[in-house]
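Thanks for taking a look at this one with me.

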Amino acid sequence: MNRAIIAELVKLYKGSDLGMRLLAYDGRKSLYTAGELPFTLKEFNIKLVEQDDGISGPKREREYKVVIKFVARADLHHLGQFLGGKRADAPQEALQILDIVMRELSSKRYCPVGRSFFSPNIRTPQRLGEGVDFITG
């Protein structure tokens, strides 16, 4: 649900309040951009239409509040030193940010579960019973 909310936020505000910035979202509470946003703190109200029971069920609209606050600028200098052999330990924060950025497109196209991605287009889901399905990924 979090990714759907952020996707709607980008759809509505990318050209205006988000200053045409590309966003990378970790699915929880962190959002990364290449460059600064035109604000340090802003609140958005996002409305999503949800379906209750499948395609034929009644639809309901829910509103979510999203607050984006500048926290810190990522320092990739240590990553450059590590890749150049001038630093022995890998900078974990920079690697985590790059991992989120590299996974952003896959997270939009496929269903992320842990560190894996699953596609409903590979095969139709197989029912295991008691409400459990499996999809190859």
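**Notes for a new reader**

1. Let's begin at one residue: arginine 115 counts as exposed, because its relative accessibility is 63%. Please keep in mind throughout that this is a predicted model.

2. What does arginine 115 pair with in a salt bridge? Its partner is aspartate 99, and the closest N and O atoms of the two are 3.5 Å apart. Aspartate 99 sits in helix H3, while arginine 115 is in the loop between strand E5 (111–113) and strand E6 (116–118), so the pair ties together parts 16 residues apart in sequence. Aspartate 99 counts as partly exposed, at 27% relative accessibility.

3. Now for the overall plan. The protein chain has 3 helices and 8 strands. Read from the N terminus, the order of its elements is α-β-β-β-β-α-α-β-β-β-β.

4. On overall dimensions, the C-alpha trace spans about 60 × 35 × 20 Å along its principal axes. The radius of gyration of the protein chain is 19 Å, whereas a compact globule of 137 residues would have one near 14 Å. Of those 137 residues, 21% count as buried. The protein chain exposes about 10400 Å², with carbon and sulfur atoms supplying 52% of that area. Among contacts with a separation of 6 or more, 34% come from residues 24 or more positions apart.

5. Back to charged pairs. Side chains of opposite charge can pair when their charged atoms come close. The whole structure holds 8 salt bridges, and one of them joins the side chains of aspartate 17 and lysine 42, at 3.9 Å from N to O. Here aspartate 17 belongs to the loop between helix H1 (2–13) and E1, and lysine 42 to strand E3 (residues 41–51), so this pair ties together parts that are 25 residues apart in sequence. Aspartate 17 is partly exposed at 24% relative accessibility, and lysine 42 is partly exposed at 29%.

6. Another salt bridge is worth a look: the side chains of arginine 127 and aspartate 133 meet at 2.9 Å, N to O. Arginine 127 counts as exposed, with 70% relative accessibility, while aspartate 133 is partly exposed at 38%.

7. Is glutamate 104 buried or exposed? Glutamate 104 is buried, because its relative accessible area is 12% and the cut-off for buried is under 20%. This residue is found in helix H3 (residues 92–109). A polar atom of its side chain lies 2.8 Å from the backbone nitrogen of tyrosine 25. Beyond its neighbours within four places in sequence, glutamate 104 is in contact with Arg3, Leu23, Ala24 and Tyr25.

8. Aspartate 26 is a buried residue too, at 11% relative accessibility, and it is placed in the loop between strand E1 (23–25) and strand E2 (31–33). Its side chain reaches the backbone nitrogen of arginine 28 at 2.8 Å. Leaving out residues up to four places away in sequence, aspartate 26 touches Arg3 and Ile100. Serine 107 is 81 residues from aspartate 26 in sequence, yet their C-alpha atoms are 9.1 Å apart in space.

9. Finally, the surface. Which residues form a nonpolar patch there? They are Leu128, Val132 and Phe134, which together have about 280 Å² of accessible area. Leucine 128 lies in strand E7 (residues 126–129) and counts as exposed, at 57% relative accessibility.

Notes
Residues are numbered from 1 along each chain as its sequence is written. This is a predicted model: local features need pLDDT of at least 70, side-chain atom pairs count only at pLDDT 80 or more; totals for chains, interfaces and linings use all residues. Side-chain values use heavy atoms; hydrogens and water are left out. Helices (H or I, at least four residues) and strands (E, at least two) are DSSP runs, numbered from the N terminus. Buried means under 20% relative accessible area, exposed over 50%, partly exposed in between (1.4 Å probe, protein chains only). Contact means heavy atoms within 4.5 Å. A polar contact is a pair of N or O atoms within 3.5 Å; within protein, one must be able to donate a hydrogen and the other to accept it, and residues adjacent in sequence count only if both atoms are side-chain atoms. Patches are made of residues with over 30% relative accessible area and no salt bridge: like charges are joined within 9 Å, nonpolar side chains (Val, Leu, Ile, Met, Phe, Trp, Tyr) within 5 Å. Accessible areas come from the Shrake-Rupley method with a 1.4 Å probe; for residues, only the protein chains shown count as cover. A salt bridge is a side-chain nitrogen of Lys or Arg within 4 Å of a carboxyl oxygen of Asp or Glu. The radius of gyration is taken over C-alpha atoms; the globule rule is 2.2 Å times the number of residues to the power 0.38.
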